[in-house]
Amino acid sequence: MKGKVIVSKFWTRFFSVGKARAITIFPFIFLLEKSCKKETILLNHERIHIQQALELCILPFYLWYLVEFIYRFIRLQDFHQAYLHICFEREAYVHEKDFSYLRKRRYWSFLKYL
Ligand SMILES: [Zn+2]
């Protein structure tokens, strides 16, 4: 599943609290600007999140994401560092440049990044 791409400044800022150029709210990938559609690495990153969300039956993915963010934020005292250390983000950043990753990835691979 690739996710449906929607270009919307409002919703991208809303869901990412103004911090991201793209955000995945399953089954949609919201992009800040039309030009982001050409950014294949960014889209690949978001599609990794689509797969992670699917594997966790969607809602638990977002709950886990939020709880892990809060835990990392308490430990690291830094918004950006907390975000980068979430297992879902770590997996997505490590593999975002590998365009065949989603074809060979095993289920629940994000666990390796906890
Ligand atoms: Zn991400």
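1. The largest nonpolar core of this predicted model has seven residues: Ala22, Ile23, Ile29, Phe30, Leu31, Leu32 and Leu43. Strands β2 (22–25) and β3 (28–31) each supply at least two residues of this core. The largest share, three residues, comes from β3. As background, nonpolar side chains in soluble globular proteins tend to be buried together.

2. Leaving out residues up to four places away in sequence, Leu31 touches Val5, Val7, Thr12, Arg21, Ala22, Cys36 and Lys37. A second, separate core has five residues, among them Ile48, Ile86, Phe88 and Ala92.

3. On the overall fold, the protein chain has six helices and three strands. Their order along the sequence is β-α-β-β-α-α-α-α-α.

4. The three strands form an open sheet in the order β1-β3-β2, and the pairing is mixed. Strands β1 and β2 stand at the edges with a single partner strand each, so one side of each has no neighbour in the sheet. On average, neighbouring strands of the sheet are turned by 25° against each other, direction ignored.

5. The parallel part of the sheet is the pairing of β1 (residues 4–7) with β3, which rests on four bridges. In this pairing Lys4 stands opposite Phe28, and Val5 stands opposite Ile29. Helix α2 (residues 40–55) packs on the sheet and touches β2 and β3. The direction of α2 makes about 20° with that of β2.

6. The antiparallel part is the pairing of β2 with β3, again over four bridges. These two strands form a hairpin with two residues between them.

7. Does the length of helix α3 fit its residue count, or what span should one expect? The helix covers residues 59–76, which is 18 residues, and at 1.5 Å a residue it should span 26 Å. The end C-alpha atoms of α3 are 25 Å apart, which agrees with that expectation. After α3 comes Gln77, whose phi is positive, near 55°.

8. Asp98 lies in the loop between α5 (87–95) and α6 (101–104). From Asp98 to Ile48 the separation is 50 residues in sequence and 11 Å in space, C-alpha to C-alpha. Ile48 is one of the residues of the second core.

9. On overall dimensions, a compact globule of 114 residues would have a radius of gyration near 13 Å, and the protein chain has 13 Å, which agrees. The C-alpha trace spans about 35 × 35 × 25 Å along its principal axes. Buried residues make up 25% of the 114 residues. Of the contacts between residues at least 6 apart in sequence, 45% join residues at least 24 apart.

Conventions: Residues numbered from 1 in each chain as written. Predicted model: local features only at pLDDT ≥ 70, side-chain atom pairs only at ≥ 80, totals over all residues. Rg over C-alpha atoms; globule rule 2.2 N^0.38 Å. Buried ≥ 20, exposed ≤ 12 C-beta atoms within 10 Å, placed from the backbone. Contact = placed C-beta atoms within 7 Å. Core = buried A, V, L, I, M, F, W, Y, C linked by C-beta atoms within 7 Å. Expected span 1.5 Å × (residues − 1). Pairing = 2+ DSSP bridges. Axes fitted to C-alpha atoms, helices over the stretch in contact; angles between N-to-C directions.
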